[in-house]
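Here is a short report on one model. It covers the sheet, a pocket and a helix.

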Amino acid sequence: MEIDPLVEKIKHHPDYAKVGMILCHHGVVRATSRQGRPVTGLRVSVDPEQLNRVVAEAKRRPGIVEVLVEIDADRDLAIGDGVMALVVAGDIRENVI
C-alpha cells in the first residue's frame, strides 16, 4: 500500500488545476491499542457500500476535487503494516482538512 500512486492519480484528474492542497493519511498497525494494551496484529473488514457512501459524501463537500482510499481488508496484518491510505485533494486547506 503506497500513497504515491494515489497522489499521481490525483495529478491526472481533469480538475487538478483547482487543487491547492493534497492531504495524505497512511494508517499503520501500531503495537498498542488506544487503551495502551499490547497488539499483535489486526484484521480489518470493510463494508464496500458504506465506504462508497462516505467517499461520495466527502466528494460533495465544498472545494473537494477528489477523494481516494485504499484499505487492506480481510487479511491478517502485523505491526507496522499499512491499513489504510487516504488522499483528499481540494482547493484550500480549510476545505480539505
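## Sheet

Three strands make an open sheet, ordered E1-E5-E3, with antiparallel pairing. Strands here are DSSP runs of E with at least two residues, and helices are runs of H or I with at least four, numbered from the N terminus. Two strands pair if DSSP finds at least two bridges between them. E1 and E3 are the edge strands, each pairing on one side only.

E1 and E5 pair in the antiparallel sense over eight bridges. His 25 stands opposite Leu 86 in E5.

## Basis of the model

This is a predicted model: local features need pLDDT of at least 70, side-chain atom pairs count only at pLDDT 80 or more, and totals for chains, interfaces and linings use all residues. Residues are numbered from 1 along each chain as its sequence is written, and side-chain values use heavy atoms, without hydrogens or water.

## Largest pocket

The lining of the largest pocket has 18 residues; Val 54, Ala 58, Val 67, Leu 86 and Val 88 lie nearest its centre. A pocket is an open set of points on a 1 Å grid over the protein atoms alone where a 1.4 Å probe fits, with protein on both sides within 12 Å along at least five of seven lines; lining residues have an atom within 4 Å of a point.

E1 (21-28), H2 (48-59), E3 (64-71), E5 (82-90) and H3 (93-96) each supply at least two lining residues.

## Helix H1

Leu 6, Val 7 and Ile 10 are buried in helix H1, residues 4-11 (buried: under 20% relative accessible area; exposed: over 50%; 1.4 Å probe, protein chains only). On the face turned away from the buried side, H1 carries the exposed residues Asp 4 and Lys 9.
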